[in-house]
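Morning, everyone. I have one model to show you today. Please bring it up on your screens.

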Amino acid sequence: MSRRTPDPRHILITGGSSGIGRALALEYAAPGVRLTLTGRNRERLDDAVNACRAGGAEAEGRIVDVADRDAMEAFVLETDATRPLDLVVANAGISAGTASGGQGGLLGESAEQTRRIMAVNVDGVMNTVLPLIPRFRERRAGQIALVSSMAAFRGFPGAPAYCASKAAVKTWGEALRGWLGPEGVRVSVICPGFVESRITAANDFPMPFFMSGEKAARIIRRGLARDRGRIAFPLPTYMGSWLAGALPDGLVDAITRRMPAKGG
């Protein structure tokens, strides 16, 4: 059984203004906790920060593009310098449905969308985490949570860049866990199914086992507290996604060609 880790007191969450990021911030919001959130929309970000403060937490928000390497490095190191971070959640992500010019994934991903998805979902995660690794290693403490997706287990025709970006995050996180674990740094990869967010709002097809952000946040917090390497939910979706990645390509191709385009 995994040992429960101490509750984090300073938490950085990218993409904290909506969806899973906002729900997770509110889940942790409590007296004695400092929350630093990033987002792209000032109104949504301010609303999330105010909601966290109403929960008793000390909270602040910053508008920053996670794909901007220099800006993120400066921001992350500044945040850690104000009070050492206990937990960083690299959550910011987009799909074709939320990228500029998106069509909810219905027409596939344009070249521009493909590059932007990779920049945010892959580079953005690295830009968030890499500046902190030396500090966490030096302190022999800290926790890193990387938000991937069920889409990481198999590429789907409607969202090739999105699936590839989440697969990269999943694999990188798994490798980081093996590397950093012996040095006291905990790493978890989060693979949610369909969770209420701006990304899933772009989907106009049935989403099995659709979950509220609040429930997802509770599951994630519990998994992080137990230092679980992979936090994948809900179980039926996880089993189906894992199976899709394990079955012969020909069989899965025949199935996925009949599936609707995926926006989240």
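Average pLDDT for the protein chain is 87. At least 70 is reached by 81% of the residues. Now look at residues 100-106. There pLDDT stays under 50. The model still gives that stretch 17 contacts beyond four places in sequence. Where pLDDT is low, the predicted coordinates should not be read in detail.

Next, the overall build. The protein chain has 264 residues, and 50% of them are buried. Secondary structure comes to nine helices and seven strands. How about contacts in sequence terms? Take those between residues at least 6 apart: 70% of them join residues at least 24 apart. The accessible surface is about 12000 Å². Carbon and sulfur atoms account for 53% of that surface.

Now the helix pair. Helix 1 covers residues 19-28, and helix 7 covers residues 213-225. Their axes lie 8 Å apart, at an angle of about 65 degrees. The crossing is right-handed.

Which residues of helix 1 meet helix 7? They are Ile20, Ala23, Leu24, Glu27 and Tyr28. On the helix 7 side, you have Gly213, Glu214, Ala217, Arg218, Ile220, Arg221 and Leu224. By class, this contact holds seven nonpolar residues, one polar and four charged.

Over to you for discussion.

Technical notes: Residues are numbered from 1 along each chain as its sequence is written. This is a predicted model: local features need pLDDT of at least 70, side-chain atom pairs count only at pLDDT 80 or more; totals for chains, interfaces and linings use all residues. Side-chain values use heavy atoms; hydrogens and water are left out. Helices (H or I, at least four residues) and strands (E, at least two) are DSSP runs, numbered from the N terminus. Buried means under 20% relative accessible area, exposed over 50%, partly exposed in between (1.4 Å probe, protein chains only). Contact means heavy atoms within 4.5 Å. Accessible areas come from the Shrake-Rupley method with a 1.4 Å probe; for residues, only the protein chains shown count as cover. Axes are lines fitted to C-alpha atoms, for helices over the stretch in contact, and angles run from 0 to 180 degrees between N-to-C directions. A crossing is left-handed if the near helix is turned anticlockwise from the far one by less than a right angle, and right-handed if clockwise. Ala, Val, Leu, Ile, Met, Phe, Trp, Tyr, Cys and Pro count as nonpolar, Asp, Glu, Lys and Arg as charged, and the others, Gly among them, as polar. pLDDT is the predictor's confidence in each residue, from 0 to 100.
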